[in-house]
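Welcome, and thank you for taking a look at this structure with us. Please take a moment with the sequence and the 3D view before reading on.

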Number of protein chains: 2
Amino acid sequence: MNSTGENDLSKLCIHTITTRPWKIEETAQHFSAAGIKGITVWRDALEGRNIKQTGKMLLDHDLTIVSLCRSGFFPAKDSNKRKSAIDDNRRAIDEAADLGTPMVVLVCGADPSQRLEDSRKQIQDGIGELIPHASTAGIRLAIEPLHPMYADTRSAINTMKQANDMAEEFNSPWVGVAVDVYHVWWDPFLEIEIKRCGENGHLTAFHICDWKVPTVDMLLDRGLMGEGCIPVKQIRSWVEAAGFNGFNEVEIFSTAYWKENQSEYLRKIIKAYKDHS
Amino acid sequence: MNSTGENDLSKLCIHTITTRPWKIEETAQHFSAAGIKGITVWRDALEGRNIKQTGKMLLDHDLTIVSLCRSGFFPAKDSNKRKSAIDDNRRAIDEAADLGTPMVVLVCGADPSQRLEDSRKQIQDGIGELIPHASTAGIRLAIEPLHPMYADTRSAINTMKQANDMAEEFNSPWVGVAVDVYHVWWDPFLEIEIKRCGENGHLTAFHICDWKVPTVDMLLDRGLMGEGCIPVKQIRSWVEAAGFNGFNEVEIFSTAYWKENQSEYLRKIIKAYKDHS
């Protein structure tokens, strides 16, 4: 918050997927016109485009490119699939470098046909294999723990503790942790693990939205801050107490909001950010 | 498993809600005819019935009444609601005594309008208030940790560690823990916490089903054992290594299965139990 006790927009970042109906060129115009300073780019938004030129276009709109979302998905029973995943992660790192962002967010993956402990081992192996490439490219990899309801296919890393353990083990400047309130708000050890993450220098991204009550779809029913039961301000205070001073990234997947007029939705996002973040 | 390496039915219990379309009298007949030895009764199945007579009817069908499901739902911002919850829990304990089962399963509750830590405190207070009544009635209360996707309204107790911590704090013969694979399968500390639970003498119930991939409904899309990604056999081996020798309770909420012919569904349950538990 600024000195008036209200959020200005200087630390607000919005993910391209949040306003998915817009093409990235429209997104840039609308964000910029609204005074938003940060953007996180999802890879689908770059399809069919020259990535370097797109990065320049975003900079020309005075946008900081906070991160590229997303790669990961390391685990697979089939070793060829694991190799393909590594190749795709290398491409993501190259895309991030071309785009001009310092970070790639990892959704680590899980293969439901094998044990979670095997998926976890493959995630660790996969990230380890990427670190040299990340280092050369100057791109940081952010492990994002995902909600346990995604442990079947999206991520076998489901708590801040697991992400912290893994980042500590790598002990690399190229591996950090992305905290998304949607995934971790329920965790009784959240405050402790956020503190630990910050102390380790691993707290590299902070994503916000809300958990609607009820939530009618496990993937595409996220809410705006203030619409649900996540104590976003409290979690943000923990993140900031842990030393984080980066962007607050609004990442919302919502079939309902994607159907709305996106300009009006953007105004709602800004209001929710000011009032409830 | 028995000596042939296949599950016989001597430790199979099925929840009345699993075959919800049947009235409890039909359920008793079908379970008994199929050679099933255990039943857990949901309170809705008792509506409009004399509970003592219903308990006797189940015993007459050679069924062990494993537990009564469910009470709990302690947290509420409004103190009158908390008081009502206590009253309802007392009634559940009385119903369990009338029915002739030694255990009530607690779905502990959560109020999304307050912090999780407040809900957790109210759960602890609520259970503490019930212990004398439970003791007098000879009924054990089983804390069931629920999946974190239910932390908004159903339970602020979301891991085995939380349930173990709470049961340890009470250190009462009338407070135990119910392990349901659906809620806890994702937890990297599951094996350790199951061991701890058994060593403490708190492991009092074991519920099984499976997590379908994909899961299309957060509440009513549970799968039969073997249909999803939960390592049911592995978790059962941990539970048994921790000293548990009670019933394996099949608890499945499934709109799809409730639409099927329930006799055919019961055959599927038995086959899934034999092959994948």
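## Buried, exposed or in between

A residue counts as buried if 20 or more other C-beta atoms lie within 10 Å of its own, as exposed if 12 or fewer do, and as partly exposed in between. Keep in mind as you read that this is a predicted model.

Phe73(B) has 23 other C-beta atoms within 10 Å, so it is buried. The backbone here is worth a look too: phi of Phe73(B) is near 45 degrees, a positive value in a residue other than glycine.

You can find Asp62(A) in the loop between helix H2 (51-60) and strand S3 (64-72) of chain A. Is Asp62(A) buried or exposed? With 12 other C-beta atoms within 10 Å, Asp62(A) is exposed.

Gly35(B) is exposed as well, with 12 other C-beta atoms within 10 Å. Gly35(B) belongs to the loop between helix H1 (24-34) and strand S2 (38-42) of chain B. Its C-alpha atom is separated by 9.3 Å from that of Leu12(B), a residue 23 places away along the chain. Ser84(A), in helix H3 (residues 79-99) of chain A, is partly exposed, with 13 other C-beta atoms within 10 Å. Between the C-alpha atoms of Ser84(A) and Ser32(A), 52 residues apart along the chain, there are 37 Å.

## The nonpolar core

How many residues does the largest nonpolar core have? The number is 173, and the residues with the most contacts inside this core are Val104(A), Ile143(A), Val104(B) and Ile143(B).

Setting aside neighbours within four places in sequence, Val104(A) is in contact with Ser67(A), Leu68(A), Ser71(A), Ala92(A), Ile93(A), Ala96(A), Ile139(A), Leu141(A) and Ala142(A).

## Helix pairs in chain B

Two packed helices are described by the angle between their axes and the distance between the axes. In chain B, the axes of helix H3 (residues 79-99) and helix H4 (residues 116-137) come within 10 Å and cross at roughly 30 degrees. Angles under 35 degrees count as roughly parallel, and H3(B) and H4(B) are therefore roughly parallel to each other. The crossing of H3(B) with H4(B) is right-handed. On the H3(B) side, the residues that meet H4(B) are Arg82(B), Ala85(B), Ile86(B), Asn89(B), Arg90(B), Ile93(B), Asp94(B) and Ala97(B). Their partners in H4(B) are Gln122(B), Gly126(B), Glu129(B), Leu130(B), His133(B), Ala134(B) and Ala137(B). Sorted by class, this contact has seven nonpolar, four polar and four charged residues.

H3(B) also packs with helix H2 (residues 51-60) of chain B, at an angle of about 45 degrees and with the axes 7 Å apart. That angle makes H2(B) oblique to H3(B). Ile51(B), Lys52(B), Thr54(B) and Gly55(B) of H2(B) make the contact with Glu95(B), Asp98(B) and Leu99(B) of H3(B). By class, the residues of this contact divide into two nonpolar, two polar and three charged.

## A helix pair in chain A

Over in chain A, helix H5 (residues 160-170) and helix H7 (residues 190-199) pack at an angle of about 20 degrees, with their axes 9 Å apart. H5(A) and H7(A) are therefore roughly parallel to each other, and their crossing is left-handed. Met160(A), Lys161(A) and Asn164(A) in H5(A) meet Leu190(A), Glu193(A), Ile194(A), Arg196(A) and Cys197(A) in H7(A). Four nonpolar, one polar and three charged residues take part in this contact.

## Cis peptide bonds

In chain A, Val213(A) and Pro214(A) are joined by a cis peptide bond, with omega about 0 degrees. Pro214(A) lies in the loop between strand S7 (203-208) and helix H8 (232-241) of chain A.

Chain B has a cis peptide bond from Val213(B) to Pro214(B), with omega near 0 degrees. Look for Pro214(B) in the loop between strand S7 (203-208) and helix H8 (232-241) of chain B.

## Where the chains touch

Finally, turn to the contact between the chains: 19 residues of chain B are in contact with 19 residues of chain A. The side of chain B that touches chain A has 12 nonpolar, five polar and two charged residues.

Note on methods: Residues are numbered from 1 along each chain as its sequence is written. Chains are lettered from A and ligands numbered from 1 in the order in which they are written. This is a predicted model: local features need pLDDT of at least 70, side-chain atom pairs count only at pLDDT 80 or more; totals for chains, interfaces and linings use all residues. Axes are lines fitted to C-alpha atoms, for helices over the stretch in contact, and angles run from 0 to 180 degrees between N-to-C directions. Helices (H or I, at least four residues) and strands (E, at least two) are DSSP runs, numbered from the N terminus. Angles under 35 degrees count as roughly parallel, over 145 as roughly antiparallel, 65 to 115 as roughly perpendicular and the rest as oblique. A crossing is left-handed if the near helix is turned anticlockwise from the far one by less than a right angle, and right-handed if clockwise. Two residues are in contact if their C-beta atoms, placed from the backbone, lie within 7 Å. Ala, Val, Leu, Ile, Met, Phe, Trp, Tyr, Cys and Pro count as nonpolar, Asp, Glu, Lys and Arg as charged, and the others, Gly among them, as polar. A nonpolar core is a set of buried Ala, Val, Leu, Ile, Met, Phe, Trp, Tyr and Cys residues joined through C-beta atoms within 7 Å.
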